[in-house]
Structures are given as structure tokens and as C-alpha cells.
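Have a look at the model first.

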Amino acid sequence: MLLWDGSSEPITNTSKQSTVRTSAGPIPAKADVPSPEHIKPIPQTLESKTVLLQNGDSLSRTLNRLGVSNRQIAQLLQVDESNVLSNLQPGQKLTTDILVPSNDLKNLTLSVNRERAHVFKQVDSVYRYKEQLTPIETVLAYKEVTIQNSLFVDGATAGISDKLLLQITGIFRWDIDFALDIRQGDRFALLFEERFIDGEKIGTGNIIAAQFINNGRVFEALRYQLEQQTDYFTRDGLSLRKAFIRSPVDFTRVSSQFNPHRLHPIFKTSRPHQGVDYAAATGTPVQSSGDGSVAFVGEMKGYGNTVIIDHGAGYTTLYAHLNGFADHVIAGRQVAQGETIAYVGQTGWATGPHLHYEFRINGTHQNPETVDIPYDSPMSKSELMAFLPYAQTLMERLKRSRSQGMASYLARLSRKN
């Protein structure tokens with residue numbers, strides 16, 4: 001486009017049309033943005049929760065429910081060298097300290113019982129593990145009982161736990177048949193451990209000394225630790241543990257005694273009964289009455305399924321009419337006293353489920369209920385010399401603890417003997 005300004009030369013306009021902007025007003029001042037050091041953190045609260053573990057609970061499932069990340073769970077497992085977190089058991093308690101809302105697990109405590117816990121503590125973003133044992137105070141307590149109904153009924157009435165009553169049957173099992181021998185008026189006295197944490201009783205420990213008066217016979221037991229084992233002994237240092245258990249099965253009654261002239265229930269002829277029959281339900285476990293090796297396992301004519309144990313020194317025992325055998329019982333295998341070797345049945349010539357039990361010395365049948373059973377593991381001379389003063393101290397403690405009634409009763413028995 002050519003323009004004339006009155007001069008002789010035209011002027012060429014090369015400018016482009018431009019948009020003219022008008023001001024919208026003053027520019028607002030720049031807002032104040034806080035620096036990082038002035039940003040207030042979100043408040044964190046340390047929350048403690050305790051979970052009682054149930055069947056099927058795992059560490060990951062339990063902690064995930066509480067908001068703990070899989071990364072922290074993996075860190076816990078990495079430092080758990082004893083694998084306690086991988087083997088959670090019902091009844092255990094899992095206590096967590098978690099920062100909320102970040103869900104940062106600071107502490108984890110697995111309480112096995114009142115006495116023992118496993119603690120995982122976060123230190124510098126990693127976990128440290130330690131086992132925590134709560135100090136326990138142990139004191140000796142004394143109880144005595146006169147049996148009017150049964151060992152367990154009268155014992156429970158006197159405030160004695162089933163755990164201690166079962167200990168009694170285990171301690172005296174070689175001398176007293178608790179199914180047949182207990183009489184009304186029998187008595188027993190116990191010196192035993194009671195355990196406390198912060199003054200609260202948490203349970204009982206071991207029986208330290210005991211006396212059991214059965215049908216006028218006085219039996220004593222003192223707990224003592226030898227180099228190889230802890231066991232119960234008389235005040236003279238004789239082990240209560242015998243080489244053989246008197247009754248190798250929990251039975252309801254003796255259905256047939258040892259009798260060399262018994263009338264056989266099937267054949268109705270006079271045939272010697274060279275063992276004892278213990279009536280019991282089919283499937284009741286049968287124990288080896290002593291340590292030994294399996295000499296025979298299988299079927300024998302008349303006896304049905306049978307096990308014979310060779311105990312050495314001429315002693316053998318036979319167990320017959322069995323329903324079946326324990327899986328590990330094979331010829332030549334070693335078995336321990338009290339170990340289950342078979343199960344009560346009715347095989348062979350049997351009229352009902354029971355265990356037929358024979359006791360032989362050098363091949364000769366003996367009455368299992370009356371045969372003299374040798375003691376097991378006698379003390380050495382040096383052990384006996386250390387034991388005797390200890391035994392005297394315990395017997396004095398028992399004597400001081402007795403009621404007047406128990407003291408008078410024992411005095412009368414002593415005069416009779």
C-alpha cells in the first residue's frame with residue numbers, strides 16, 4: 001500500500017496490524033509460599049494393640065489387618081533367625097506399637113506365655129531382636145490330703161492342680177497301682193513349687209518332696225538332680241524308678257489274675273493262666289513296661305497279635321490279643337519304658353477286648369503284680385554322699401510342715417511297724 005505525504009517519494013507502510021492490550025489493573029503481589037522447614041508435619045500417634053492369635057492366623061495376615069506393609073513384614077522375618085514368627089501358635093499374643101496414620105511398625109512383641117516373649121524393636125529403620133524373660137519367683141508350698149473319694153476328686157478339693165496330681169501318679173507308679181491299690185483313708189503330703197510374677201501366682205512347678213500312705217504303707221519321694229538326670233529317690237538314695245512298670249496299660253479292671261490252675265473260659269479245662277489280663281477299650285495304648293528291644297512282633301496261635309520285648313539280663317515281657325502295633329515297632333528295634341508299642345484288641349483266643357501281659361525271668365513265668373522289680377540306675381557312692389544331707393534337710397522341712405493330724409497318723413503307723 002502506497003501513501004503520499006506530499007513529497008515526491010511514496011512511503012511504503014511495512015507494519016502489521018497489532019492488538020492493543022489494556023491493563024486489567026495492578027498486578028497482585030506474589031503469594032507467600034512456606035519453605036520446607038516451615039511445613040508442619042502431620043501429627044503421628046503411637047497406637048498399641050494386642051491380638052490373641054487363633055487357629056490359622058499367620059504373621060502377614062495379622063499385621064496386614066493392622067495396616068503394616070509387606071515391606072516391614074519382610075524385614076521382621078529377615079531378622080527372625082529362630083523362626084518364632086513363622087510358627088505362631090493359637091493362644092499366643094501379638095502386641096504391636098504402630099505410628100498412625102503412617103502405619104509405621106515400631107515394635108512387635110510375641111508373648112509365648114507370661115514368662116517368655118520375643119521382642120522386635122525398630123532402631124534406625126531396621127529391626128533388632130531379643131528374647132525377653134520375665135523374672136519368676138519360686139517358693140515352696142505344702143499340701144496334705146486324706147482320700148475319701150478318689151485321688152483326683154479329693155486332691156482338687158484341697159486346691160491341688162491336675163498337673164501336680166498327675167505328677168504324683170507318675171512318681172509312685174512303680175510302687176502303687178492307682179487303679180487298684182487306693183483305699184479310703186489313704187493320705188498324701190506334698191512339698192511343691194509355686195511360681196509368681198510380680199506377686200501374682202502363675203502356676204505350679206515340680207513336686208520337691210512327697211509322702212504317700214497307701215493301705216498303711218508309707219512311700220517317700222525326694223526330687224534330686226544327678227549329673228545325667230533329675231529323678232525321685234527315697235531318703236536312703238534308692239531310685240523310685242524301677243526297671244519295669246507294674247501295669248503297662250490304663251485299664252478299667254483286672255479281668256483275670258495270674259493263676260497256674262485257672263479254668264479256661266473258652267475250652268473249660270484247667271489251663272495255667274501265666275499272665276494278667278487287663279480289661280480296656282479297644283484301641284487303648286499299650287506301653288513297653290521297660291527298656292529293651294523288640295524280640296517278636298506278629299501273630300501267635302492263641303495269643304493273636306503279639307509283641308515280645310527282650311529287656312536283657314534274662315527279663316522278657318509279652319503283650320497279647322492286640323488290635324494293632326505302633327508303626328515303629330519292628331523286630332530288633334529299641335523301645336523305651338513307657339513308650340507306646342501297640343493297642344488293646346480282641347485277637348486270638350479272647351472273649352473281650354483286653355491286654356494279656358506276661359512277665360518272664362530266664363524263661364520262667366512270674367506274677368506281674370507281685371514279682372520283685374529291680375531298681376533302675378542306682379546312685380554312685382559319691383552321688384549318695386552328696387545326696388544324704390540334702391535328703392535329711394527335705395525330710396525335716398516336711399516334718400515341720402505337717403498338720404497335727406498327719407503327724408499323729410504317721411506316729412501310729414511307726415509304732416505298728
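What follows covers the sheet, then the helices.

This is a predicted model, with local features needing pLDDT of at least 70, side-chain atom pairs counting only at pLDDT 80 or more, and totals for chains, interfaces and linings using all residues. Residues are numbered from 1 along each chain as its sequence is written, and side-chain values use heavy atoms, leaving out hydrogens and water.

**The sheet**
- Five strands form an open antiparallel sheet in the order E8-E9-E10-E11-E12 (strands are DSSP runs of E, at least two residues, and helices are runs of H or I, at least four, numbered from the N terminus; two strands pair if DSSP finds at least two bridges between them).
- At the edges sit E8 (137–146) and E12 (230–233), each pairing on one side only.
- From one strand to the next, the twist averages 30° (axes are lines fitted to C-alpha atoms, for helices over the stretch in contact, and angles run from 0 to 180 degrees between N-to-C directions).
- E11 (residues 217–225) pairs with E12 over four bridges, in the antiparallel sense; Gln225 has Thr230 in E12 as its bridge partner.

**Helix H4**
- H4 (residues 162–171) packs on the sheet, touching E9 (187–197), E10 (200–214), E11 and E12 (contact means heavy atoms within 4.5 Å).
- The direction of H4 makes about 35° with that of E10.

**Helix H6**
- Met406, Tyr409, Leu410 and Leu413 are the buried residues of H6 (buried is under 20% relative accessible area, exposed over 50%, partly exposed in between, with a 1.4 Å probe and protein chains only).
- They cover an arc of only 95° around the axis, so they lie on the same side of H6 (the arc is that of the directions from the helix axis to the C-beta atoms).
- Gln404 and Arg415 are exposed on the other side of H6.
- The buried residues of H6 pack against E8, E9, E10 and E11.
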